[in-house]
Amino acid sequence: MQVGTSIRKGVGLAVSAAALLALLPLGASGAMADDVVANDGYVDMGTDAKASITLNAKADSYLNGHSFKLLRIGTYERAEKNKDKITGNDEITGIQVGTPDNVKGETKTAYLNATGDTSLPAGYEDNPVGAVATKMLGFKVTDDKNLTPNQDETASTGTYEGKLRNFAQELAGDTKGTLNGKFEGATGTMATDPNTGAPSVKFDGLAQGLYIVKDVTDPATLKGAQVAIPMVVGTAVGVDNLDSFADASGMKLGVVNMKDDVVSINKTMAEKSLSTGQWGHFTVTTKVPLTTGFTKGDYKFTVTDSPSYGFNLPDSKDTDHYYKVTVNNKEITSDVLEGILTTATQSSSMDQTSSIVFEFGNAFLDHKDVFPYGAEIKITYALQNSGKQRGIQNQVGLEHSTQPGCTKANNNGTECPSDHVTPPNGPVKPKTYDFKLGNVLRTNGTKLVGSKFTITLVKDASGADVKSSTPIKFVSLGNNVYTQADDASTGSDQTLTINDSAAKKGILELQDIDAGTYEIQQIGAPSNPHLRAVMLPKFNVTLTPNASNSDNVDIAVQQDAWHLAEKASATDYNVVVNNVPSVMQLPLTGGAGIILAIIVALVLAALLGVTVVMKRRHEAAASRTRV
């Protein structure tokens, strides 16, 4: 093994998160040049000093089930230190990095391929990893040869085009992996931070130097996650395991801060229930994952929205309801959206769903300024409940690639591994409700049979008036139970009849009803001739999802003029319709009393008029008799 002729005192060893990792970003830190910080002396490197590499995670999702292999690609030949004047701790000011003979050829080729250069930089002709440490760490450092490291790797830029990433992929990625046969398996020690509960895995007993850590997990075993691309990390330095650089960012050597970047998707509907004709407003959310290591054309990040038959899709000219995509609450331009929204077709069969597909894969790679890593993506739109099918629902799924570096060409001509993710709570289903209507004799509560009713939606769940509404068709399930009809129903009818039923005598049970306001009109009196109603009420019932628990419904009754309909106090029905066989049994108070008084007055006036006419006729006849 040979070491470069130039001793680098300004070489950083830990690298930019964005440059290296698909899912396991590496904390950035580095050493500054000796013209910035005065050196106190050389670090005691020891003859066989050992160190460790620790992978920290925010959650178990990126440690459990993952396997790693390690390979040392850089050696620490010499290091200088400086004592911090405040803490008194020794800090690193410069390290000389060398390249082991067993990886020299591969690392040189990887460097040239990653940079596009035709030769290694001056002073590093026989030390490619030394050149990597100098040129690709993302820290602005110069020396007497005016060598300036590549600045594409800085995490703050949010770009993933860095040469260091390409270098790591060349050596250990799934695309080429020229060093794959030289990696050795590593068994780490799992631990949990007692204060935060965050997990970590630590690999001990490592020779000090610069390592590539390769995630060798089988992608098929991961749910919602990706295999990380190779990581480059430096261990601590010297017998004292110094891990901090003077005048650096404060991050530690030998530590990889793994991000819990499990791919997920969620979907919500603003409304709890949807009436026929009402628009429901939906939001699909996900996040831009790290796309490092994936290639255009082979990278998949596809959101497929699947509304069931019974939903009307919005027209592209309907700007209030059509699809919008925002990234961190900023709406993307129409040209970018057109390249993403590839399909929007309405199903025409009862057993099919609509298909709205958003192909984000190439857009993530082509528009990194629009889709920065970690940004929240929101897809918003509205669908209309056509009333053509009951039990409508809206599902969404996300298909995403899980193996960086994989292409169809290098995967034996087959599609690269991917995973399908759905929201944890399943499809979005507008709530529907049941309620029971009781029909009784007002005087003694006798349950009545034979009565007939119609039900018409007059206000949707939002409270908006429904225009040109007609009585709803229902299908009888027997035993006085009815469910709302749809396109697949047979034997539907607008008239609901309370038939004689031992189990539900005098009770009409309605199932699968949307929230909203309904006009209920009694159009037929009870069948018992002695109990026939003289007044058939018409009134409104409003169903509102309960504010605390939308699985429950609040029922309000707007009484009719005769106060024959009201919210029931009985336990076996929610709304009661009272019938009276005699006008004298109608209430005499309130509006009904006024109407009844007017009717009685009119009847008495009519009777008085008849009496007067008859009296005058009698007197006229008597007068003719006397003559």
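Why is the disulfide of cysteine 406 and cysteine 416 left-handed? The torsion about the S-S bond of this pair is about -90 degrees, so the disulfide is left-handed. Cysteine 406 and cysteine 416 both sit in the loop between β20 (394–401) and β21 (418–421), ten residues apart. Helices (H or I, at least four residues) and strands (E, at least two) are taken as DSSP runs, numbered from the N terminus.

The structure is a predicted model, in which local features need pLDDT of at least 70 and side-chain atom pairs count only at pLDDT 80 or more, while totals for chains, interfaces and linings use all residues. Residues are numbered from 1 along each chain as its sequence is written, and side-chain values use heavy atoms, with hydrogens and water left out.

Returning to the cysteines, a search of the whole structure finds one disulfide, a term that stands for a pair of cysteine sulfur atoms within 2.5 Å. The sulfur atoms of cysteine 406 and cysteine 416 lie 2.2 Å apart. Both of these cysteines are buried; buried means under 20% relative accessible area, exposed over 50%, and partly exposed in between (1.4 Å probe, protein chains only).

The loop between β20 and β21 also holds asparagine 412. This asparagine has a positive phi of about 60 degrees although it is not a glycine. Most residues other than glycine have a negative phi. At 74% relative accessibility, asparagine 412 counts as exposed. Another positive phi in a residue other than glycine belongs to asparagine 328, with a value near 50 degrees. Asparagine 328 is found in the loop between β15 (324–327) and β16 (330–331), and it counts as partly exposed because its relative accessibility is 46%.

Attention now turns to a sheet. Six strands form an open sheet with mixed pairing, in the order β24-β25-β27-β22-β32-β31. Its edge strands, β24 (474–478) and β31 (565–567), each pair on one side only. Two strands are said to pair if DSSP finds at least two bridges between them. On average, neighbouring strands of this sheet are turned by 25 degrees against each other, direction ignored; the axes are lines fitted to C-alpha atoms, for helices over the stretch in contact, and angles run from 0 to 180 degrees between N-to-C directions. Within the sheet, strand β25 (residues 481–484) pairs with strand β27 (residues 507–514) in the parallel sense, over three bridges. Tyrosine 482 stands opposite leucine 510 in β27.
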